[in-house]
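Me: Can you help me go through this structure? I'll ask about a few spots as we go.

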Amino acid sequence: MSTPEQVPPAAPAAPPAPADNVLAVSAVQVEGVTKVFGSRKSQVIALSEVALSVEAGEFVALIGPSGCGKSTLMRLIADLEAPTSGSLKVFGKSAAQARVDQDYGIAFQQAGLLPWRTVADNISLPLELHGASRGERKRRVAELVELVGLTDFARSRPDQLSGGMQQRVAIARSLAERPRLLLMDEPFGALDEMTRERMQAELARISAETGAAVVFVTHSIPEAVFLADRVVVMSARPGRITEEIVTGFGRDVVRDQKLREDPAFFTKVTEVREALHGAPVGSGSSGAEER
Ligand code: ADP
Ligand code: MG
C-alpha cells in the first residue's frame, strides 16, 4: 500500500490470514441483508434484501430519500447494528472482527469532536486508544493536519473553528489509523454550499492519495456524481437498492471545478436524478421506481 506504482499482484507482503489479502477481497460485501426495527406490533422494515459490494479502493456514493435506510446500512457495516438476516462482510471478515481490527474509519454528519481537546488531540484519539507511542502519534498527527490543511490550527479547540474546519478534523481523525475503508454518512450535510464544494474536492484528493475505499451517504445528487466511481440509488419503504450508476470518472480524473462544468458530469447528474425520481413523462424510460 505504501508503494502505489507497480506492486506485483502475486506478491502480497506475507498476509497473516487469507482474509487480509486486500487484492482479492471486497472492502464491503453485503448480501440479502434485511433489517427490521421494533417489535411485532410496530415493525419498521428499514432494509429489505439489500446487496452491495464495494471493491477495495472504490468510491461508492449511496443516495436515496430520507428514511430509506442509508444510515442503517452504514451502521450495519460499521457493526453499530446487527442485520436481522443476510450476510455482511468487511474485507472478508465479520463486521465485528473488522471493527476490532480497525479496518475502517467513520465520519458522520456531526463532527463529534471532544470540545475540551485540541484539534491535534482529537485527531490523535484513535491512536491513543490503540496504544500508539507518543512519537508515532505526533508524527501521524502532523501528517494528518497537513493533509486536511489545518496545520496552523493544530492547537486550537473545536469551538474556535468553523463548521467546515471541524468536519475536516473529523475526517483527519477517521484517517488516523490508515483505514482501508472510510464510512461517511452525510459528512458535509451541515455545511454551506461553498465550503461543501471545497470539502468535496478535498475528500476526492484525500481518497485518491490514500487509496481507501469509501462508502459515502449523501442527499445531494451533484455531490454523489462528483465524488463517486459508482452511485448506488435506494428507494424508501422498504429500503432497497434500485439502481447503480457508474460515473465513469476514474480515480485519475481530477475532481475540480472543471469536472462540475463538464457536459459528462451533467449527463450523469441527470441519470442519477431520473433513477431517484423517475424520468420525465414522455421521455421513454419508465418511472416505475416511484410508488
Ligand atoms: P436514512 O438514513 O436513509 O434517512 P435511516 O437508516 O436513518 O434512513 O432509517 C431508515 C428507517 O428505519 C426509518 O424509517 C427509521 O425511522 C427507521 N429506524 C432507524 N433506526 C431505528 C431504530 N433504532 N429504531 C427504530 N427504527 C429505526
Ligand atoms: Mg441518515
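Me: Where is Phe-91 found?
Reply: In this predicted model, Phe-91 is in the loop that runs between strand S4 (85–90) and strand S5 (93–94).

Me: And what is phi there, near which value?
Reply: Phi of Phe-91 is near 50 degrees, which is positive in a residue other than glycine. Most residues other than glycine have a negative phi.

Me: Which residues does a cis peptide bond join?
Reply: Arg-237 and Pro-238 are joined by a cis peptide bond, with omega about -15 degrees. Most peptide bonds are trans.

Me: Which loop is Pro-238 in?
Reply: Pro-238 sits in the loop between strand S9 (230–235) and strand S10 (240–246).

Me: Switching to the ligand. What surrounds ligand 1?
Reply: The residues around ligand 1 are Phe-37, Val-44, Ala-46, Pro-65, Ser-66, Gly-67, Cys-68, Gly-69, Lys-70, Ser-71 and Thr-72. By class, that shell has five nonpolar residues, five polar and one charged.

Me: What about backbone atoms and the oxygen atoms of ligand 1?
Reply: A polar backbone atom of Gly-67 is 2.7 Å from an oxygen atom of ligand 1. For Lys-70, a polar backbone atom is 2.9 Å from a ligand 1 oxygen. With Cys-68, a backbone N or O atom lies 3.2 Å from an oxygen atom of the ligand.

Me: How much of ligand 1 does the protein bury?
Reply: The protein buries 59% of the 560 Å² that ligand 1 exposes when taken alone.

Me: Which elements give two or more residues to the shell?
Reply: Strand S2 (44–54) and helix H1 (70–77) do. H1 gives the most, with three residues.

Me: How does the lining divide by class?
Reply: The lining of the second largest pocket has 11 nonpolar residues, four polar and four charged.

Me: Where does that pocket lie relative to the domains, and why?
Reply: The second largest pocket lies between domain 1 (20–103 + 179–277) and domain 2 (113–178), because both give residues to its lining.

Notes: Residues numbered from 1 in each chain as written. Chains lettered and ligands numbered in written order. Predicted model: local features only at pLDDT ≥ 70, side-chain atom pairs only at ≥ 80, totals over all residues. Heavy atoms only, no water. Near = heavy atom within 4 Å. Polar contact = N/O pair within 3.5 Å; in protein donor to acceptor, adjacent residues only side chain to side chain. Areas by Shrake-Rupley, 256 points an atom, 1.4 Å probe, with all protein chains shown as cover. Helix = DSSP H or I, 4+ residues; strand = E, 2+ residues; numbered from the N terminus. Nonpolar A, V, L, I, M, F, W, Y, C, P; charged D, E, K, R; others polar. Domains from an automatic or database assignment.
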